[in-house]
Amino acid sequence: MIDTDKSVLIVGAGTFGLSTALELLRKGHNNVTLLDPYEVPSPISAGNDVNKVFQSTVESEFYSTLALEALELWRSDPIFKPAFHEVGIVYGACGDEAAHEIEKRYKVLEKRGADFCKLSTPQDFAKYVGKPNASLDEALDSLSLEGRFDDWKGYYQKDKCGWTYAALALENAANECKKLGAKFLIGRAESIITDEKNDGKCLGVKLDNGDEIKSEITVICAGANSCKILDFGGQLLSKCWTVGHIQLTDDEAKALKGMPVVLNLDQGFIFEPDVNNELKFCNEFPGYINIENDISVPIYKNEIPVEAEKQMRKFLKQVFPQYADRPFTVATICWCSDTPDRHFLFCKHPDHEGLVLGTGDSGQGFKYMPNVGKYIAKVVMDEDLESDERFKSWAWRPETAEKRDILAKQGRVGGSNIIKDLKDIDSWTDGTK
């Protein structure tokens, strides 16, 4: 175990960084600093969002178990509980690959004795979509089923799932970290500082303005921007997806308040309206990359590819056709960082003493915000990790990136069903026309 007075610098005050800082501070560490280009919640953080899907059953048993652990904290931890909405999820699938995944999840839920029911007809889906209580049925029953939920098969899971008010969770965690003594600095890390006379030991980070921040332990929790700071040997690949919002009236929003999340594994997902009566939705597809100098580098735009808008509106027509042609109030792209096997990267760097990695969210990070910091903090605190098999999956593993196919879908489907480079996209839109 390390001395709790040792200085710890966490690069990135987003989902993983805040969770790690909170865990360290709760464990008694009193010299924790978080560095980020922006105040919390950062506009470029993948976690800065009105809502994120919380699933307790995902593609693997490995991460489903981790999600159930997170669930207990979403329900009980005073920092995270206010942001958790356990409204259930209506799952769907259309294509063969997504339908196969649905079948796998059936079996997991049956094994657990979970509260769920299978859905196979448009009427089945309409029974649950947008209908949190009987008093609102009349408004939604007026919708025709023609063209809705075509070829969908899936299930409705009532509990242990829903959505999280992501930005609120980030703000609550940041405020608690400040109360517990954490320092927050505004700045953009450009590279690590190493002591070449001491076998490349990490001494902190250099900022893009030339300033240096020294620390005894440096933790990289910079998400999709981690690859700008350090060479990961191909283990990280930044990818982005598209997000849209549509404004509803007070009455329209009221009719959908408390509705389950709708998640079609190869078409998209949609949430109940947020506090501003905006309906958020995303389309499902394998993602976009942006290759520069052999790595995928995040860029940030308040626009989306025209092809994505078409996919998103097609999905809306399946769920809520009455809103499908409205202008978008938000159209943006959101970045994550995929490892080759989609396991996290939580470990010490083998070549730089004092450098810890807490990244590689692989598009599944936010649901674990309450507990993910516990595991990164274990690495920081130099605990014995041999007894926890998960750390073998989260180890430094450049061999997995050898001959990596950056166009591999990695289990994601939908849309064009291929990975595309943003440089090949020539038509963009803000969704208002």
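1. V8 has I217 in β13 as its bridge partner. Strand β1 (residues 8-11) and β13 run parallel and are joined by four bridges. Strands here are DSSP runs of E, at least two residues long, numbered from the N terminus; two of them pair if DSSP finds at least two bridges between them.

2. The model is predicted, so local features need pLDDT of at least 70 and side-chain atom pairs pLDDT 80 or more, while totals for chains, interfaces and linings use all residues. Residues are numbered from 1 along each chain as its sequence is written, and side-chain values use heavy atoms, without hydrogens and water.

3. β13 also pairs with strand β24 (residues 355-359), in the parallel sense and over three bridges. Here I220 stands opposite L357.

4. Which way do the residues of β13 (residues 217-220) point? I217 and V219 point one way, T218 and I220 the other, and all are buried (under 20% relative accessible area, 1.4 Å probe, protein chains only). In a regular strand, side chains alternate between the two faces of the sheet.

5. The second largest pocket has a volume of about 470 Å³. A pocket is an open set of points on a 1 Å grid where a 1.4 Å probe fits, with protein on both sides within 12 Å along at least five of seven lines; lining residues have an atom within 4 Å of a point. The volume is the space filled by probe spheres set on the points.

6. Its lining has 22 residues, with P43, N48, D49, V330 and T332 nearest the centre. β22 gives the largest share, five residues.

Conventions
Buried means under 20% relative accessible area, exposed over 50%, partly exposed in between (1.4 Å probe, protein chains only).
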